[in-house]
Amino acid sequence: MVDVGDKLAYFQAITGLEDPDLCTEILAAHGWDLELAISSITSTNTATPPENSTSTPAVATSSGDNGGGRGVTRSSLEPPRFGAPERSEAAAGPGLAWKIVTLPISVISGSLNLISGAIGLGLWAAGGVLSYSMGMVGLGSGLGRNSEASARLVPLSAAASEAMEFVAAFERDYGTTTMTRPNFVSQGFMDALQRSRNEFKLLFVYLHSPDHPDTPLFCERTLCSEALAAFVNENFVAWGGNIRASEGFKMSNSLKASRFPFCAVVMAATNQRIALLQQVEGPKSPEEMLSILQKVLEESAPVLVAGRLEAEERRTNMRLREEQDAAYQAALEADQARERQKREEQERLEREAAEAERKRKEEEEALERAAREAAEKEAALARMRQEKALSLGDEPEKGPNVTQVLVRFPNGERKERRFHSTSTIQSLYDYVDSLGCLETENYSLVSNFPRVVYGPEKLSSSLKEAGLHPQASLFVESNL
């Protein structure tokens, strides 16, 4: 049983009335009968709901008893946008079909991995469809308004396993070829719903009650009719669940299935809700089912086409952005490459300039060093010549102990001087050095007749001892 607090919350969610005292009075006047209380509002009040209401007033539905079943009920307005979030949920639209769904249900909950928030129940009407919270799939026992129960009731692997078992059992009992049966996906409900959303199709839901007497004939003659199976396989994503299994049982509770065979057409809505576009309870012929599904598909086609076009536009825009980003990145990389090349060229020129400057400075330093060394050498030679000239002393006057020496240089120049006969051969070398007529220091004094080289071994001999007294003629001979 639903407590007073839940009934009050349901009544406010459906009627859009926010004053709890007024809602309590209306419910009390109808003996807390939700259907009577809501009917009194929807049948007598056709005005626009309050501006801040998050639900919508009366709904336009069509119902009938086709083939002895409970009937077919479907909202007549456009379902929520397919494939993209809705920008507004508080849109004016029709109300609810109370012949089929006796209790409004609304769950603000969970996520796509079947974690239920189990905060409360209520029926949400937006855009003319009945939206059920996705969190209701796997709903546990904590249905109170203030319940904090939240648990993973049907793990994804278990849901997929149940779906595979259902498909295997259906194939075993009613045929293995998809030409003569709906191609039920071997996935959990949430995955099937996401698959339908990705493929821009509606989700055909079949809840299988193996114990119901109408089930075998419905499966054999209706679901497995070639025309219906081909239509469902082409235009829907089909999901089936056995109500004996966990997820099938919870889906039957979520969709308020009260009679079997039970089929429904749903689509993904916003904020973890599903939109119930059509439900069929009781046995139906293939023709009736085909007509119902064709009508749902025709009225949902604008939404599906719009969603497909919008997704294609998003893909096109994304591809365009990617191409623009790629072009921008390529241009950026090209600019960076040119900038890097320019920088490298500038660095190369700077390195070459620095290298040229270094070489120039080295050459200048080398020239300066060579000039300095040459000057130092010249100064040293000048000092040496001066010292050797001083060491020779004054040229002696002619006399018996004075030797006359004539020196011929390689360039033909001649120099003549008088020496004491006791002076050494070294004195002759000092004399030649003091003149500065030679560019080399490696030379020898030589006499021709007879040829005698006055080398280092004779430097200490006197002129008289060397046979050069009283006069001698010597040649400078380079040793290089």
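Helix axes here are lines fitted to C-alpha atoms over the stretch in contact, and the angles between them run from 0 to 180 degrees between N-to-C directions. The model is a predicted one, in which local features need pLDDT of at least 70 and side-chain atom pairs count only at pLDDT 80 or more, while totals for chains, interfaces and linings use all residues. Residues are numbered from 1 along each chain as its sequence is written, and side-chain values use heavy atoms, with hydrogens and water left out.

Of the 480 residues, 41% are buried, that is, under 20% relative accessible area with a 1.4 Å probe and protein chains only.

Now to helix H9, which spans residues 286–392. H9 packs against helix H10 (residues 425–435) at about 135 degrees, the axes being 8 Å apart. That angle makes the pair oblique, the class left over once angles under 35 degrees are called roughly parallel, over 145 roughly antiparallel and 65 to 115 roughly perpendicular. The crossing is left-handed, meaning that the near helix is turned anticlockwise from the far one by less than a right angle. On the H9 side the contact uses Met384, Arg385, Lys388, Ala389, Ser391 and Leu392, and on the H10 side Ser427, Asp430, Tyr431, Asp433, Ser434 and Leu435. Sorted by class, that is 5 nonpolar, 3 polar and 4 charged residues; Ala, Val, Leu, Ile, Met, Phe, Trp, Tyr, Cys and Pro count as nonpolar, Asp, Glu, Lys and Arg as charged, and the others, Gly among them, as polar.

Within H10 sits Ser427, buried at a relative accessible area of 16%. Leaving aside residues up to four places away in sequence, Ser427 touches Leu392 and Phe419.

H9 also packs with helix H7 (residues 226–235), at about 20 degrees and with the axes 10 Å apart. H7 is therefore roughly parallel to H9, and this crossing is left-handed. Ala227, Leu228, Phe231, Val232 and Asn235 of H7 meet Met289, Leu290, Leu293, Gln294 and Leu297 of H9. By class, this contact has 8 nonpolar and 2 polar residues, with no charged ones.

Terms used:
Buried means under 20% relative accessible area, exposed over 50%, partly exposed in between (1.4 Å probe, protein chains only). Helices (H or I, at least four residues) and strands (E, at least two) are DSSP runs, numbered from the N terminus. Contact means heavy atoms within 4.5 Å.
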